[in-house]
Amino acid sequence: MLAEAAEPDEPSGPHPFAPIPYVVRSVVQETPDTVTLAIAPHGSRRIPPARPGQFAMLYAFGLGESPIGVSGSAGEGVLFHTVRDAGRITHALTRLTPGDGVGVRGPYGRGWPMEAARGRDVVIVAGGLGLPPLRPALRTILRDRDAYGRLEIIYGARTPKDLVYAAELQEWRRRGDLRLQVTVDAAGRDWYGDVGVVTTRIPDARFDPARTVAFVCGPEIMMKLTARALLARGVPASATWVSMERNMKCALGFCGHCQFGPSFVCRDGPVLSFEGLAPRLGVREV
Amino acid sequence: MSAPSRDLEAAIARHPFFAGLAPELVHAVSAGAEARVVAPGALIAREGTPADVFCLVVAGKIALEVGAPDRPTLTVQTLGPGEVLGWSWLIPPHRWRFDARAVKETRFLALPADALRGILADHPAWGFDVLRRLVPVLAERLENTRVQLVDLHAR
Ligand SMILES: Cc1cc2nc3c(=O)[nH]c(=O)nc-3n(C[C@H](O)[C@H](O)[C@H](O)COP(=O)(O)OP(=O)(O)OC[C@H]3O[C@@H](n4cnc5c(N)ncnc54)[C@H](O)[C@@H]3O)c2cc1C
Ligand code: FES
């Protein structure tokens, strides 16, 4: 509980590694292993507003920190994080209940290039838990819908029960100003949607490749194959942006844990242009 | 064989699989073809039975299903408008390799496989054109299957 989380000493301003105490407001069980936490500042300190695609370090007290994308924000400094139980720390985070404490520092990294997307068609491709870090970008576009061209969302998951944000998917499906394609790798007979890997939906997507910006987030192999399929449709590698994941420690560009070629993912990413990344991901046709 | 209806011939010529191919080829393959509409849930092909038609999907959605005695039936791919149902009609022993079921009301053009194989054998240039359209479908499905095997969602 939060009472156990001592406020750090602050003789000369907050230490960059010191997490700010937050408290869990609500927990939504998205899938059997994934929850969305709404957390609010416990006290007067809060992290600055996050830009779409940035992440925060969430500290599970007594265990350690994990980088988790910011999947939304609300008034009073409330942050939303969608977390999958993937190991020790994320297991603890997915077990939090309202009233529990969690430490937060951030927001960190470079997010989605929202300015570059203005006036252009936007293609958002999410694989599995790639959707949460894309949701703030999507909401930014929807708040100022006329500033962008066509909006195509392609979301793939392993099976129907792995899809997150069920209510929002319904809402997006009903909107006339975007096109949502949801596909799963395999399904039972009770699924009436598409079945096939996410890349199979790209030939069908509606956008003008010459004036398109693509935001892609998911496991690395999915992003690589998606960027390749986008290239085949004529979207230049420089217009495709992907969000990379690497193990992190400091998240401040000090320790080198997240190094990927010449980049530190925590500082130079996590969102990076596919143009520079392609050779590092083993894609030669760029 | 009776002359194909003009509407049917036009529909085949418009389908992406045949679009741009020789009108004479389209005319020939239209003979005996049928436009079919099936209700949601209808079985279009059953694994192991003769693949006696080549289906061009016009509207709706078809699920390719894999059944195993010890597991619930699994849909491994869906096909939509502009896509084609399989190549079992061309490759011996000409039997379906999957179940194919309509997910919603589905319209497709069914070309009789016997006649089609005869036409393509008699006109190797047309046969080559059709193979050039079919091989990319095969290659794409193979690549997608590989990608599914790799498991796109595994970290
Ligand atoms: C910028 C960024 C944003 C992220 N956003 C989210 C998010 O929104 N939601 C979410 O659930 N997860 C997110 N992650 C992944 C999350 O940080 C890791 O799953 C978590 O740190 C694993 O720690 P753990 O102690 O739970 O697991 P561990 O016990 O440390 O490890 C479990 C398994 O996951 C592997 N692993 C650990 N860290 C990573 C990593 N960063 N990338 C890939 N594999 C890893 C380990 O090698 C091990 O196989 C993000 C990661 C980064 C870098
Ligand atoms: S995590 Fe330390 S440099 Fe990126």
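Among the elements around ligand 1, β4(A) gives the most to the shell, with four residues. Strands such as this one are DSSP runs (E, at least two residues), and helices are runs of H or I of at least four, numbered from the N terminus. The model is predicted, with local features needing pLDDT of at least 70, side-chain atom pairs counting only at pLDDT 80 or more, and totals for chains, interfaces and linings using all residues. Residues are numbered from 1 along each chain as its sequence is written, chains are lettered from A and ligands numbered from 1 in the order in which they are written, and side-chain values use heavy atoms, without hydrogens and water.

In total, 20 residues surround ligand 1 (a heavy atom within 4 Å). They come from chains A and B, so the site is shared between chains. Backbone atoms of chain A form polar contacts (N or O atoms within 3.5 Å) with the ligand, as listed here.

| Residue | Distance from backbone polar atom to an oxygen atom of ligand 1 |
|---|---|
| A:Pro67 | 2.6 Å |
| A:Arg88 | 3.2 Å |

The protein buries 74% of the 870 Å² that ligand 1 exposes when taken alone (Shrake-Rupley method, 1.4 Å probe).

Between the chains, 19 residues of chain B are in contact (heavy atoms within 4.5 Å) with 25 residues of chain A. There are two salt bridges (a side-chain nitrogen of Lys or Arg within 4 Å of a carboxyl oxygen of Asp or Glu) between chain B and chain A. One of them joins B:Lys61 to A:Asp194, with the closest N and O atoms 3.0 Å apart. On the side of chain B that touches chain A, β5(B) gives the largest share, six residues.

Methods:
Polar contact = N/O pair within 3.5 Å; in protein donor to acceptor, adjacent residues only side chain to side chain.
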